[in-house]
Amino acid sequence: MLSHEEENEYPRNFDKLINESKQDKNLVTRSWDLSLLFLEGRQWVNYDRNLRQYTSLKSPQSKVRVTVNLVLNIYRNFLSRLAITYPGVVALPASPSSEDVVKAKSAEIALEYFWNQNDVKRKFATMAEWMLSTGAVGLHEYYDPDKDQVNMAVVSPYDLFFESGTSKPEESEWISIRAYMLRSELANMYPDHSEAIKTTPSASDDSGAFGDNAPVSVLKNRIEIFETYWRDGKHAVTMGDTYLFRDHNPLDEIPIQFIRYTELPRQLWGIGVIAPLIDLQWLYNKGRSQIIENVELMANPKWLIPKACGVSPQSINNRSGEKVYYNPAGGKPEQLSGVPIPSYVIENISRLQSEMMDIAGIHSTSMGKRAVGISSGKAIEALNTQDMSQLQITQLNIEYATQKMAGCVLKLMKHYYKGKKFMRMMDQTGAVIFHELGNTDLQDEPEIFIQTGSLFRNEAQDRDAKVLELVELGLLDPKDALKELSFRTGKSFVSKKISNMAHAQEMLDAVLEGHHIEIFASDDVEAFKDIFGDYMRTEEYYDQDPEVQEYVRDIHLSLVTAGMPQEAFIQQEQNYKVFPRKPATAGSVTNQAAPVLAPGSPATSAQMMEEGLAQQAGQGQIKDVEALMTNLNNGGGLG
């Protein structure tokens with residue numbers, strides 16, 4: 001519950017701010033409407049200012065109007081290109097340490113589960129549809145308490161609102177998302193405001209100026225609500241000027257990503273593929289209609305019939321073998337041939353089509369057609385590459401938004417998900433991932449970096465190809481590969497490795513807390529070796545008590561010599577340190593303190609003598625090494 005002071009921080013009459021935002025984007029909304037109409041094929045339209053909607057053009061009965069929708073194929077071509085190169089995410093560790101690697105891989109597995117659970121690939125296709133047709137789209141990440149899961153939704157530009165007068169999303173103090181809900185469903189969700197919900201009038205259709213046949217019209221008995229995020233952390237759901245729900249955003253950012261197909265300076269809304277082609281498509285249809293009308297006139301010329309020839313208007317009907325009787329005294333009927341259409345009209349049609357391709361940034365070879373005057377395979381490939389490069393900026397915008405989306409998803413998981421939820425999500429690795437994400441600071445100082453690219457190819461053939469590639473490189477045993485292929489697990493060995501490294505890290509934490517541990521031969525010795533070896537290279541290790549240091553050292557020594565005979569363990573213990581060196585043979589202290597190659601540094605001599613004395617102490621020949629070293633440093637003897 002919010003306090004009275006916190007509730008007063010929310011602006012009053014928020015519906016007024018929403019109405020200002022609606023008025024601010026009226027012109028761009030009209031452009032979206034026209035783009036969608038042309039994409040649909042309804043291209044003979046005119047805007048009626050009185051009705052404030054697009055209406056069909058009224059034409060004379062003899063007027064021919066033809067629609068050759070060139071826009072649709074261009075749209076489908078770009079849509080397929082963006083669908084093929086849809087982005088995914090991979091979590092990069094902030095450092096090569098084993099702890100950061102485990103955290104990064106845990107985050108990546110959690111995101112991969114989210115990718116499949118939310119069907120992100122299909123939602124990205126919907127996102128591309130809005131981007132290409134209108135030039136803008138939004139992504140919204142949120143937590144659904146009813147399903148207890150983090151979701152991602154695609155928001156159309158019609159339902160996305162910014163503060164009036166802003167020229168870029170970062171300037172807006174708030175971002176709002178519109179939704180239409182059933183009156184009864186809304187009353188069940190917010191019972192405290194059921195009376196206000198019952199008396200609120202139903203939403204009107206202002207989502208598009210399409211007239212009666214609006215493809216995005218509002219259904220009956222729907223209420224218009226807005227979910228709004230403020231930059232200072234406020235979060236609310238409003239119905240008119242009534243706040244249905246208020247709380248604080250658990251994230252340090254607004255979980256909405258705004259993506260544009262083509263960004264323009266000082267312009268909030270982007271430009272899609274369709275809008276620049278509308279004028280040329282109109283002229284193309286007009287030219288094609290003129291040609292077809294001329295063809296009909298040339299094939300059916302007019303007749304000149306003298307009034308005194310006695311031929312009635314019904315006598316000539318252009319049937320095969322028709323007989324026409326006339327009076328020779330009055331003259332005979334004859335056809336009047338029409339003027340053929342000029343050649344420049346035909347040339348203009350081809351030029352209009354070529355200009356549409358140029359403006360869209362695509363060539364005929366990319367559309368599956370033969371390019372005039374181009375027969376070289378290299379040239380055709382170069383044209384296709386250039387066409388693909390047209391989408392580079394758009395793909396960068398999508399990848400940046402995907403990176404922000406992945407970060408928001410991980411933060412929401414960290415805030416809302418519990419251990420049992422992760423166990424249900426990701427089997428035996430669920431607890432590991434929950435533990436690692438819980439210990440990872442994803443907000444103030446990120447320890448995981450999200451990198452986007454054309455990844456997460458989780459189709460069956462892609463998973464199998466990756467497994468077979470690992471077998472060919474010798475990085476995966478054929479038996480394990482057969483198991484991965486048979487059970488469709490793909491990369492279960494990665495999950496197991498993460499679990500083993502997390503277990504080794506927990507054992508190391510237990511050692512640092514003063515507990516004694518046991519490591520079995522069935523454990524992942526390599527994972528333990530990496531975790532303990534990395535820790536011994538940290539400053540924290542040298543800050544520990546000498547007893548803890550020796551215990552960690554003994555564990556690491558046992559891990560290094562695991563599986564070796566006892567002699568190898570003893571030899572490894574003798575040669576565990578590279579510096580200072582221990583004497584090679586057991587003998588008197590004097591002999592051990594005098595190696596064959598005398599060191600040049602007195603400090604090195606002292607260290608090597610101390611190592612030799614420590615070895616004799618281990619064999620029971622010396623009882624107090626520290627007292628003996630003190631006596632030597634004071635000029636005494638070895639007695």
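Strand β4 (residues 136–144) and β11 are antiparallel partners, joined over 5 bridges; two strands count as paired if DSSP finds at least two bridges between them. Strands here are DSSP runs (E, at least two residues) and so are helices (H or I, at least four), numbered from the N terminus. This is a predicted model, in which local features need pLDDT of at least 70 and side-chain atom pairs count only at pLDDT 80 or more, while totals for chains, interfaces and linings use all residues. Residues are numbered from 1 along each chain as its sequence is written, and side-chain values use heavy atoms, with hydrogens and water left out.

The sheet is open, with 3 strands in the order β5-β4-β11 and antiparallel pairing. Because β5 (149–155) and β11 (256–260) are at the edges with a single partner strand each, one side of each has no neighbour in the sheet. Twist averages 20° from one strand to the next; angles run from 0 to 180 degrees between N-to-C directions, with axes fitted to C-alpha atoms, for helices over the stretch in contact. Helix α6 (residues 120–134) packs on this sheet and touches β4, β5 and β11, at about 150° to β4. Contact means heavy atoms within 4.5 Å. Helix α12 (residues 392–416) also packs there, touching β4, β5 and β11, at about 170° to β11.

Then there's an open sheet of 5 strands, ordered β6-β7-β8-β9-β10 with antiparallel pairing. β6 pairs with β7 (residues 174–182) over 3 bridges, and L160 stands opposite I177 in β7.
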